[in-house]
Amino acid sequence: MSDVKVIRYLLANNAPLTAVVAASKIMAGLVPEGTELPAIAINHISGWWYGEISEQSKTCRARVQITVMASSYPEQKQIMRLVRAAVPRTRGSIAGVTVDSILREPDGPDFRDDELGIFMQTQDFFVTFSE
């Protein structure tokens with residue numbers, strides 16, 4: 001999906017973020033089990049297609065969820081701050097996609113898996129784009 005492509009592009013091309021999380025660990029879809037942390041998953045949650053502008057162009061308002069996975073709570077919070085800074089409220093052509101807007105939703109709850117030693121938090125964005 002173009003919404004995930006846009007968000008991944010912004011994250012993977014942000015120097016402060018990739019100094020902490022390698023671009024190869026910023027993944028569209030699920031992070032494979034056993035991946036060394038920290039890592040980031042980007043998933044399409046929902047989309048609403050509307051206002052067909054022409055037979056070849058449609059607009060979508062999609063909800064995208066970013067999940068930060070880290071080895072410690074302070075690292076989780078640091079990466080989440082970097083994620084928010086890497087995805088500005090913006091518009092224009094991003095990764096070849098015509099983006100009308102990117103809007104941040106309230107942040108998600110903290111999660112952790114003591115058995116695996118993973119600290120997680122989510123952040124959702126609404127990406128409005130044309131295809």
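Colleague: What is the volume of the largest pocket?

Modeller: In this predicted model, the largest pocket has a volume of about 220 Å³. Its lining includes Val-31, Pro-32, Glu-33, Gly-34 and Thr-35, and Asp-113, Leu-116, Ile-118 and Met-120 also belong to the lining.

Colleague: How many residues of each class has that lining?

Modeller: The lining has seven nonpolar, two polar and two charged residues. Gly-34 lines the pocket, and Gly counts as polar under the classes used.

Colleague: Why is Thr-59 called buried?

Modeller: Buried means under 20% relative accessible area. Thr-59 has 8% relative accessibility, and therefore counts as buried. Thr-59 is located in strand β3.

Colleague: What makes the link between the side chains of Thr-59 and Ser-130 a polar contact?

Modeller: The limit for such a pair of N or O atoms is 3.5 Å. The side chains of Thr-59 and Ser-130 are joined at 3.4 Å, and this is a polar contact.

Colleague: Which residues touch the most other members of the largest nonpolar core?

Modeller: Of its 29 residues, these are Ile-7, Leu-11, Leu-17, Ile-40 and Ile-102. Elements giving two or more residues to this core include α1 (2-12), α3 (73-86) and β5 (97-113). Strand β3 provides the largest share, six residues. Apart from this core lies another, of six residues, among them Val-31, Ala-39, Ala-41 and Met-69.

Colleague: With which residues is Ile-102 in contact, leaving aside neighbours within four places in sequence?

Modeller: Among them are Val-6, Ile-7, Leu-10, Phe-125, Phe-126 and Val-127.

Key
Residues numbered from 1 in each chain as written. Predicted model: local features only at pLDDT ≥ 70, side-chain atom pairs only at ≥ 80, totals over all residues. Heavy atoms only, no water. 1 Å grid on protein atoms, 1.4 Å probe; cavity = no way out; pocket = protein on both sides within 12 Å on 5 of 7 lines; lining within 4 Å. Points joined across faces, edges and corners; volume = space filled by probe spheres on them. Core = buried A, V, L, I, M, F, W, Y, C linked by side-chain atoms within 4.5 Å. Buried < 20%, exposed > 50% of the residue type's maximum accessible area, 1.4 Å probe, protein only. Helix = DSSP H or I, 4+ residues; strand = E, 2+ residues; numbered from the N terminus. Contact = heavy atoms within 4.5 Å. Polar contact = N/O pair within 3.5 Å; in protein donor to acceptor, adjacent residues only side chain to side chain.
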